Amino acid sequence: MTESQTTPRPPADADARRAIAPVICYPNEGLPQPSLELYQNARAGAQKTGEVLVPPRDARCFEVPAGHFFRITSVEGSQVGDLNMWSLTDLSERFYSGKTRALHGTHLTTGERMWSSFPHMRPMATIIADTLDWYGIDEFGGSVHDVIGTRCDPYTGNLLSGTQYHHCCHSNLTRALADHLGISLAEAEPAVHDVLNVFMCTGFTRDTGQYFMKASPVRPGDHLEFFAEIDLLGNLSACPGGDCSSEHSSDTAACYPLLVEIFAPTEGALEGWSSPARNGYDGTHGR
Ligand SMILES: [Zn+2]
């Protein structure tokens, strides 16, 4: 075949077409804005009510009532976490990574929210503090706390290298959910979904558009803190990739625990706030 048959020739106005300025798909000034000051003031007086230590290469569930707070902290060493979230009373309402990405961008930080799946589509949690906020976007296009990855899983590992590895975040989240709810692995697995990659530093390469990871800038003491907008069931996996500087889906990386702490606000601290209702679309889809 000749070159012209395999590679379409660019049109005469190719440069002009490429030069068209982008338009933001979802200008987020239109989103209902969280009362960040109210949340942060309520957090300042909040009392700790519980904690869960997530062991390395494993996951644990935790429950957070609406109006309470939870904090994820790196302890002992640089470690990234894969976070799943459901409505405490309805597993069909789960974190929607793709829509959250469309609304807020590829990586989340303070003031941004984790949105739930259709037909619920409402804020599940709002980020109220992020000690890695300073990182910004590095020269490679990398940033932290992404909603672009999925979660490391044994199926992709098997596809790429024929492995049977059982401590990927997908399997960790599946076991933890099954244990927490007293259901089988087969029942729990379909509820596991794409995650918020807490502390993970990722992006897309500029030349090939491929998903990349690099050593997380997280250090012990760094944390990400959330306000629970609805009653939540959380599930956090301490990724087998550790800081994700080299590889995941194996036992070779140095791996550390992650701490989850829950805090309750004092009486009256959230005056004027109410848990968001489910999405207002009437659900009739034109019929
Ligand atoms: Zn992982």
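Guide: We'll take the metal site, then the pockets, then a few single residues.

Guide: This is a predicted model, where local features need pLDDT of at least 70, side-chain atom pairs count only at pLDDT 80 or more, and totals for chains, interfaces and linings use all residues. Residues are numbered from 1 along each chain as its sequence is written, and side-chain values use heavy atoms, with hydrogens and water left out.

Visitor: OK, the metal. Which residues coordinate the zinc ion?

Guide: Cys152, Cys169 and Cys239 do, each through its SG atom, at 2.2 to 2.3 Å. Donors here are N, O and S atoms within 2.8 Å of the metal (3.2 Å for Na, K and Ca); water is not among the atoms, so sites may look incomplete.

Visitor: What spacing do the donors follow along the chain?

Guide: The pattern is C-x16-C-x69-C. Cys152 and Cys239 link distant parts of the chain, 87 residues apart. Cys152 sits in the loop between S8 and H5, and Cys239 in the loop between strand S12 (232-238) and strand S13 (258-264). Those labels come from DSSP runs, numbered from the N terminus: helices are H or I with at least four residues, strands are E with at least two.

Visitor: Are Cys152 and Cys239 buried or exposed?

Guide: Both are buried. Buried means under 20% relative accessible area, exposed means over 50%, and partly exposed is in between (1.4 Å probe, protein chains only).

Visitor: H5 came up. What caps its N-terminal end?

Guide: Asp153 does, with a side-chain oxygen 2.8 Å from the backbone nitrogen of Tyr155. Just after H5, Gly162 takes a positive phi of about 70°.

Visitor: What about the second largest pocket? How much space lies there?

Guide: About 310 Å³. It is lined by 20 residues, with Thr106, His107, Gly136, Ile137 and Ser143 nearest its centre. Strand S8 (143-146) and S9 give two or more residues each. S8 gives the most, with three. The classes are seven nonpolar, ten polar and three charged.

Visitor: Now single residues. Why does Asp58 count as buried?

Guide: Because its relative accessibility is 19%. Asp58 lies in the loop between S1 and strand S2 (59-64). The Asp58 side chain makes a polar contact with the side chain of Arg175 (3.0 Å). A polar contact is a pair of N or O atoms within 3.5 Å; within protein, one must be able to donate a hydrogen and the other to accept it, and residues adjacent in sequence count only if both atoms are side-chain atoms.

Visitor: Which residues have a positive phi although they are not glycine?

Guide: Arg57 is one, at about 55°. Arg57 is in the loop between S1 and S2 and is buried, at 17%. His285 is another, at about 50°. His285 is in the segment after S13 and is exposed, at 64%.

Visitor: Last one: where's the cis peptide bond?

Guide: Between Phe118 and Pro119, with omega about 0°. Pro119 lies in the loop between strand S6 (113-115) and strand S7 (123-130).

Conventions:
On a 1 Å grid over the protein atoms alone, a cavity is a set of points where a 1.4 Å probe fits but cannot get out, and a pocket is an open set with protein on both sides within 12 Å along at least five of seven lines; lining residues have an atom within 4 Å of a point. Grid points are joined across faces, edges and corners, and a volume is the space filled by probe spheres set on the points. Ala, Val, Leu, Ile, Met, Phe, Trp, Tyr, Cys and Pro count as nonpolar, Asp, Glu, Lys and Arg as charged, and the others, Gly among them, as polar.
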